[in-house]
Amino acid sequence: MDVQGEDQADRQSRFGFPHRASGPFSIIVSRLALAFGFIVLGTVVVFLGRSGYRDSTGHPVGC
């Protein structure tokens, strides 16, 4: 295989994921949805682990 053929082989996806054209609005919406999802996930993790929080004296943190 020559150098030019190797370059072309490197550019091709090995897995063959389909490529769909997306407009700028749909890209922004999908990124905002992903960011919002991470915020919700972090909030859920903190909420579920809230009983394990302690201050520097060892007392539980609460209202």
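This report describes the helices, surface and selected side-chain contacts of a predicted model.

## Basis of the model

Residues are numbered from 1 along each chain as its sequence is written, and side-chain values use heavy atoms, with hydrogens and water left out. Because the model is predicted, local features need pLDDT of at least 70 and side-chain atom pairs count only at pLDDT 80 or more, while totals for chains, interfaces and linings use all residues.

## Overall architecture

The protein chain contains two helices and zero strands (DSSP runs numbered from the N terminus: H or I of at least four residues for helices, E of at least two for strands). Of its 63 residues, 0% are buried (under 20% relative accessible area; exposed is over 50%, and partly exposed lies in between, with a 1.4 Å probe and protein chains only). The accessible surface of the chain is about 6,400 Å², with 64% belonging to carbon and sulfur atoms (Shrake-Rupley method, 1.4 Å probe; for residues, only the protein chains shown count as cover).

## Helix α2

Helix α2 comprises 25 residues, 24-48, and reaches 36 Å from its first C-alpha to its last, close to the expected 36 Å (1.5 Å times one less than the number of residues). The number of buried residues in α2 is zero, so this helix lies largely in the open.

The charged end of Arg50 sits over the ring of Phe47, 3.9 Å from its centre (criterion: NZ of Lys or CZ of Arg within 6 Å of the ring centre and within 35 degrees of the ring normal).

## Segment after α2

Val61 is located in the segment after α2 and counts as exposed because its relative accessibility is 53%. The C-alpha atoms of Val61 and Ser51 are 8.1 Å apart, with the two residues 10 residues apart along the chain.
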